[in-house]
Amino acid sequence: MNFHPKYIVENDKVQAVIIQMDEWQKIQEQLEMLEDLEAYDKAKKESSEIISFDQAVKEIRNNELWNKNYKKSTKRTC
């Protein structure tokens, strides 16, 4: 990756950094991939039981936070 940051300097100290939007999006994508890899590594280290796909779906649907967000995203406005 090749970035072209612009620095905002005040009193000889860098106060902020500005980058192009496409560069910021690349950074975000890389961070998301890193988070996914960290979650994968953590899951591999933990010993956990194996459950069926159907059981996993059932547990996800029973999760209050998931239900709350899912219901919001599926509301019709007609």
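The talk below sets labels against their definitions.

Guide: This is a predicted model, where local features need pLDDT of at least 70, side-chain atom pairs count only at pLDDT 80 or more, and totals for chains, interfaces and linings use all residues. Residues are numbered from 1 along each chain as its sequence is written, and side-chain values use heavy atoms, with hydrogens and water left out.

Visitor: What makes up the secondary structure of the protein?

Guide: Three helices and two strands. Along the sequence the pattern is β-β-α-α-α. Both kinds are DSSP runs numbered from the N terminus: helices are H or I with at least four residues, strands E with at least two.

Visitor: How do you know that S1 and S2 pair?

Guide: Pairing takes at least two DSSP bridges between two strands. Five bridges join S1 to S2, so the pair qualifies, and the strands run antiparallel. Valine 9 stands opposite valine 14 in S2, and glutamate 10 opposite lysine 13. Two residues lie between the strands of this hairpin, and asparagine 11 in the turn has a positive phi of about 55°.

Visitor: Why is valine 9 called exposed?

Guide: Exposed means over 50% relative accessible area, buried under 20%, and partly exposed in between (1.4 Å probe, protein chains only). Valine 9, in strand S1, has 52% relative accessibility, so valine 9 counts as exposed. Of the 78 residues of the protein, 1% count as buried.

Visitor: What makes the nonpolar patch on the surface?

Guide: Tyr7, Val9, Val14 and Val17 form it, with about 400 Å² of accessible area together. Accessible areas come from the Shrake-Rupley method with a 1.4 Å probe. Patch residues have over 30% relative accessible area and no salt bridge; nonpolar side chains are joined within 5 Å, like charges within 9 Å. A salt bridge is a side-chain nitrogen of Lys or Arg within 4 Å of a carboxyl oxygen of Asp or Glu. S1 (6-10) and S2 (13-18) each supply at least two residues of the nonpolar patch.

Visitor: Which residues gather in the patch of negative charge?

Guide: Glu29, Glu32, Glu35, Asp36, Glu38 and Asp41. Asp and Glu count as negative. Glutamate 35 sits in helix H1 (residues 21-45).

Definitions and conventions: Charge placed at Lys NZ, Arg CZ, Asp CG, Glu CD.
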